[in-house]
Amino acid sequence: MPSLRLVASVAEVRKGVIYSTTRAMRSKAPMEQLVTKARDEANRATRYFLRVEPPSPPLACHEGCSNCCRQRVRASVPEVLAVAAYIHARFEAGGIANIVEQLPHRSPGWHGDRCALLNDARCSVYDVRPLVCQGHNGINPADCHRIDHVVWLPQDHNFKAASEAIAAALGRAGIQRETVEFAPALRLALIELDAERRYFDGEDVFAASR
């Protein structure tokens with residue numbers, strides 16, 4: 001059960017992200033910038049809880065552990081577009097084709113194959129990974145593959161709130177607001193190079209990944 005302090009924090013993150021997303025949309029800011037501002041809001045809230053309510057026992061997450069990277073991930077469309085832009089800017093054509101080949105056309109459910117973006121158990125898009133991924137954490141690495149494994153709620157809830165707030169702000173702007181299944185949506189964004197323009201023009205580009 002979330003504490004009252006966490007409930008207030010989530011509400012504050014949501015409010016801040018809706019505000020920053022709305023401003024970014026008006027100024028036609030790049031998707032990466034929009035998502036970065038949302039990430040900053042969630043990080044700020046998480047750092048606060050690390051000071052006042054640190055996880056006990058400590059989180060087991062560390063570089064090179066990818067035990068949780070087989071789970072279903074939902075993300076706002078700007079998060080998907082930010083990852084696609086990152087990949088197109090930094091990966092060679094062969095690497096992009098390999099990722100597209102591994103990404104599913106539809107969600108496999110809660111559990112599936114290892115994430116197509118892993119490279120030697122490390123996330124190849126770590127700096128722009130979905131907010132839900134950044135918020136996900138675990139106490140016991142042996143249980144991290146389970147849907148019901150124990151997580152530290154402040155980090156988990158604040159990053160989920162940031163992702164959902166981006167979608168909510170889009171809805172207020174009259175754009176499709178639902179979060180999408182990250183893996184099949186990323187596949188579409190990598191293949192359809194005009195996906196961003198079509199999405200903001202009102203076309204339901206990511207219908208198959210909803």
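## Basis of the model

Residues are numbered from 1 along each chain as its sequence is written, and side-chain values use heavy atoms, with hydrogens and water left out. Because the model is predicted, local features need pLDDT of at least 70 and side-chain atom pairs count only at pLDDT 80 or more, while totals for chains, interfaces and linings use all residues.

## Helix H7

Helices (H or I, at least four residues) and strands (E, at least two) are DSSP runs, numbered from the N terminus.

The buried residues of H7 are Phe 182, Pro 184, Ala 185, Leu 186, Arg 187, Ala 189 and Leu 190. They pack against two strands, E1 (74-75) and E4 (180-181), and against three helices, H3 (77-90), H4 (93-102) and H8 (195-200).

## Cysteines

A disulfide is a covalent bond between the sulfur atoms of two cysteines. The criterion applied is a pair of cysteine sulfur atoms within 2.5 Å, and a search of the whole structure finds 0 disulfides. For Cys 61, the closest cysteine sulfur belongs to Cys 144 and is 6.0 Å away, which is too far for a bond. Cys 61 is partly exposed, with a relative accessible area of 46%.

Cys 123 is likewise in no disulfide; its nearest cysteine sulfur is that of Cys 115, at 6.4 Å. The relative accessibility of Cys 123 is 28%, so this residue counts as partly exposed.

## Aromatic rings

Rings of Phe, Tyr and Trp (its six-membered ring) pair if their centres lie within 6.5 Å; planes under 30 degrees apart count as stacked, over 60 as edge-to-face and the rest as tilted. By this rule the structure has 3 aromatic pairs. One of them joins Tyr 48 and Phe 49 in an edge-to-face arrangement, with 5.4 Å from centre to centre and 80 degrees between the planes. Within this pair, Tyr 48 is partly exposed at 31% relative accessible area, whereas Phe 49 is buried at 0%.

Tyr 199 and Phe 206 also form an edge-to-face pair, at 6.0 Å centre to centre and 65 degrees between the planes. Tyr 199 is buried at 3% relative accessibility, and Phe 206 is buried at 2%.

The charged end of Arg 129 sits over the ring of Tyr 126, 3.7 Å from its centre.

## The loop between H5 and H6

His 145 lies in the loop between helix H5 (131-135) and helix H6 (153-172) and is partly exposed, with a relative accessible area of 40%. His 145 and Ser 66 are 79 residues apart in sequence, and their C-alpha atoms are 9.0 Å apart in space.

Ile 139 is also found in the loop between H5 and H6, and it is partly exposed at 24% relative accessible area. Apart from neighbours within four places in sequence, Ile 139 is in contact (heavy atoms within 4.5 Å) with Pro 57, Pro 58, Leu 59, Ala 60 and Val 150. Ile 139 and Cys 123 are 16 residues apart in sequence, with 20 Å from C-alpha to C-alpha.

Note on methods: Buried means under 20% relative accessible area, exposed over 50%, partly exposed in between (1.4 Å probe, protein chains only). A charge sits over a ring if NZ of Lys or CZ of Arg is within 6 Å of the ring centre and within 35 degrees of the ring normal.
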